[in-house]
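Here are a few exercises to work through with the structure open beside you. Try each task before you read its solution.

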Amino acid sequence: MAIAKRIIMAGGGTGGHIFPAIAIANAIKKISPDSEILFVGAKGKMEMEKVPEAGYKIEGLDIAGFNRTNLLKNISLPFKLIKSFNQVRKIFSDFRPDAAIGVGGYSSFPVLKYAQSKGIPTFIHEANSFAGKSNKLLAKKAALVFTGYDKMEQFFPSDKLIHSGNPVRENILNARIGKEEARAFFNLESGKPTVLAVGGSLGAASINKALSGGLKKISEAGVQLIWQTGKGNAERAKQASKGFSGIWCGEFITRMDMAYAAADLVISRAGAMTIAELQVAGLPAVFVPYPHAAENHQFVNASRVVEKNGGRMVEDYKAETELVDAVLALLKNPQLLEEMKASVKTMAIRDADMKVAEEVLKHIGFQ
C-alpha cells in the first residue's frame, strides 16, 4: 500500500509562479489523494489569496526580493532573510515534509535552502529559458530540476534535468469554446479578425500607449480588439476608444479561456507561463518583452518562440511606433498566420503538471 507524502510547495509573487504550483499540487493529489500539500509564500503577495482559493493551506513568510531600482530599500533585506529562515524552521518542525518543490519567487530560496540543510529532497521548476540566480544556486543540491524549455544544460547539471514543460491552468488546458461563443462573451462580432492584448495584471505602458495611438488604424483595418489594460489603466483606454466599435476594454480578464478562444493573434509580454498558455491555445503572438525582467529573460523566452516561427517580437522601446503595424501586417497574411498557428501547436506540452508530479513522487518513494 502506498504511503501518503507530505510536500511543501514554495514560491509565488506572480501568477507565473503561482498557477503552475497549483497545477503541480493538483496533479500530485490526482496520483496520491491522501498526500498533504502545504504552500509557503511571501506575505502580502498574490499567493496568499490565490492558493486558498484553490483549496490549499498556505503559510506566509516575512520576505522581500532584491530591489534593483531603489537600493536603499534593500537595507532591511538581511534581517528579513534571517526572520524568514526562523519562520521556515518552525514550518518544517510542524509539518515534517518529505519533500519541497520550489517554483521561483521570493519564498522559494529560504524554503529549499533549509530543506537541503536537513537532507530533505528538493525539486526545482524553472519556467524561463534563462535560469534565475537562486535556482542556479539551489540546483547544486537539488534532486531534480524541471524546466519549461529544452537546452538548459548551460544553467543546471545535465544529470538532474528533466524537460517537463510549463504547467498550464486546467481551464485553459481543457477549454472547448467556439469563436462565436467567445466573441459574444466580449460583445464582439463573430466574423471579424480579433486581437487580444494583455500586459499582465499591472498592464504594460508601452503596449497601452501603442494601442491608444493606433486605434484608428486598427478600426480602419476592420480588426476587433480585446484589451486588458492592467490595474488603473482601464478608464484612460475607454476614453481613447470612444467612437470606435469592436473594442472591449478592462483592467483584468477573468475568463482567459474565453479570451484565447476569441483571438486570432495576441499581443503580450513574454513571461514563460503566458507563452505556455499560448502554445496550448495554439495562438501566435507579437511579443513585447518586459525590458527590466531579471537577466532579460523575457527577451530570451520570446526569441525561442520567434526562431521556431511561433511569433514575432517588437522590443519595448519600439512598441509605440511599430507594434500596431506589425500586428496588422500579420492579420493581412492569413496563410502566414495559419503557418504560425501550426508551429505554435507543435511547441505545446499538455501534461507538464503530471510529469513533475510523477517524477517527484517516484523519487521520494511513493509506489
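**Exercise 1: the cores**

The largest nonpolar core holds 60 residues, and those with the most contacts inside it are I8, V111 and L196. A nonpolar core is a set of buried Ala, Val, Leu, Ile, Met, Phe, Trp, Tyr and Cys residues joined through side-chain atoms within 4.5 Å. This is a predicted model, in which local features need pLDDT of at least 70, side-chain atom pairs count only at pLDDT 80 or more, and totals for chains, interfaces and linings use all residues. Residues are numbered from 1 along each chain as its sequence is written, and side-chain values use heavy atoms, with hydrogens and water left out.

Task: Which residues does I8 touch, not counting residues up to four places away in sequence?

Solution: 
- Step 1. With residues up to four places away in sequence not counted, I8 touches L38, V40, I91, F92, F95, P97, A99, A100, I101 and V111.
- Step 2. Another core lies apart from this one, with 28 residues that include L225, L265, I267 and L323.

**Exercise 2: two helix pairs**

Task: At what angle do the axes of α8 and α13 cross, and what angle do α11 and α12 make?

Solution: 
- Step 1. Helices are DSSP runs (H or I, at least four residues), numbered from the N terminus. Axes are lines fitted to C-alpha atoms over the stretch in contact, and angles run from 0 to 180 degrees between N-to-C directions.
- Step 2. The axes of α8 (residues 205-220) and α13 (residues 319-331) come within 8 Å and cross at roughly 55°.
- Step 3. α11 (residues 272-281) and α12 (residues 297-306) pack at about 20°, with axes 10 Å apart. These two helices are therefore roughly parallel to each other.
- Step 4. In this second pair, A272, I275 and Q279 of α11 meet N301, A302 and V305 of α12.

**Exercise 3: buried or exposed?**

Task: Is N135 buried or exposed?

Solution: 
- Step 1. Recall the cut-offs: buried is under 20% relative accessible area, exposed over 50%, partly exposed in between (1.4 Å probe, protein chains only).
- Step 2. N135, in helix α5 (residues 133-139), has a relative accessible area of 7%, so N135 is buried.

How values were computed: Contact means heavy atoms within 4.5 Å. Angles under 35 degrees count as roughly parallel, over 145 as roughly antiparallel, 65 to 115 as roughly perpendicular and the rest as oblique.
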